[in-house]
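Q: I've got a model open on my screen and I'd like to learn how to read it. Can you walk me through it, feature by feature?

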Amino acid sequence: MDSMRNMRHASNIAWFLQWVLNICLIGLAIVLIFFLVKETYMMASLMFSGGKSVTAYELLEGIVIYFLYFEFIALITKYFLSGYHFPLRYFIYIGITAVIRLIIVDHSDPMTTLLHAGAILVLVIALYIANTEKLKRE
């Protein structure tokens with residue numbers, strides 16, 4: 001009888017924590033959507049500003065940041081659609097995009113750029129392994 005009460009208590013705690021996590025993730029998604037809209041406005045103003053010349057690096061950095069926001073929102077969406085778990089490969093996608101952004105922003109040192117490219121290679125290999133049949137959940 002004591003065991004049943006402990007299990008019910010643990011189940012209630014897990015339900016409450018899951019509820020708090022879901023509310024926080026919805027709040028985070030709202031904040032990310034706000035920044036995504038703001039980034040869209042910034043990119044549009046950069047592209048269509050008549051007097052100011054825009055470098056390709058500024059535009060490319062804005063696009064990559066845009067994709068980072070987009071990927072985080074997609075990750076939160078996938079969390080709710082896949083039964084309350086985060087698929088590993090979405091984190092790898094975000095990591096690859098973040099390292100690409102890092103290369104675009106800071107590419108002054110060739111050795112650092114080569115190390116970042118090696119990090120992308122490792123992430124792509126991890127993505128390949130994560131997409132094998134043994135690790136796929138979906």
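**Reading the features**

A: Let's start with a charged pair: E61 and R101 form a salt bridge, and their closest N and O atoms are 3.1 Å apart. The two partners come from distant parts of the chain, with E61 in helix α2, R101 in helix α3, and 40 residues apart. Keep in mind that this is a predicted model.

Q: What makes a pair count as a salt bridge, and how many are there by this rule?

A: The general idea is a distance test: a side-chain nitrogen of Lys or Arg has to sit within 4 Å of a carboxyl oxygen of Asp or Glu. E61 and R101 pass because their closest N and O atoms are 3.1 Å apart. By this rule the count comes to one salt bridge.

Q: How do I compare distance along the chain with distance in space?

A: Take C-alpha atoms and look at both numbers. I65 and A98 are 33 residues apart along the chain, and their C-alpha atoms are separated by 8.2 Å. For R89 and I65, the figures are 24 residues in sequence and 19 Å in space. I92 and I23 are 69 residues apart along the chain, with 24 Å between their C-alpha atoms.

Q: How do α2 and α3 run relative to each other, parallel or antiparallel?

A: You look at the angle between the two axes, where anything over 145 degrees counts as roughly antiparallel. The axes of helix α2 (residues 56-81) and helix α3 (residues 88-105) come within 10 Å and cross at roughly 165°. That is why α2 and α3 are roughly antiparallel to each other. Their crossing is left-handed.

Q: And what about α3 and α4?

A: Go through the steps again. The axes of α3 and helix α4 (residues 110-130) come within 10 Å, crossing at roughly 165°. So α3 and α4 are roughly antiparallel to each other, and α3 passes α4 in a left-handed crossing.

Q: What should I look at in the loop between α2 and α3?

A: Check the backbone angles there. Y84 is found in that loop, between α2 and α3. Phi of Y84 is near 65°, a positive value in a residue other than glycine. With 45% relative accessibility, Y84 counts as partly exposed.

Q: Last one: which residues make the nonpolar surface patch?

A: For a patch, you look for nonpolar side chains with over 30% relative accessible area that can be joined within 5 Å. Here I13, W15, F16, L17, W19, V20, I23, I26 and I30 make a nonpolar surface patch of about 920 Å². One of these residues, I30, is found in helix α1 (residues 2-47). I30 has a relative accessible area of 55%, so I30 is exposed.

Notes:
Residues numbered from 1 in each chain as written. Predicted model: local features only at pLDDT ≥ 70, side-chain atom pairs only at ≥ 80, totals over all residues. Heavy atoms only, no water. Patch = residues over 30% accessible without salt bridge, like charges linked within 9 Å, V, L, I, M, F, W, Y side chains within 5 Å. Areas by Shrake-Rupley, 256 points an atom, 1.4 Å probe, with all protein chains shown as cover. Helix = DSSP H or I, 4+ residues; strand = E, 2+ residues; numbered from the N terminus. Buried < 20%, exposed > 50% of the residue type's maximum accessible area, 1.4 Å probe, protein only. Axes fitted to C-alpha atoms, helices over the stretch in contact; angles between N-to-C directions. Parallel < 35°, antiparallel > 145°, perpendicular 65-115°, else oblique. Left-handed = near helix turned anticlockwise from the far one by under 90°.
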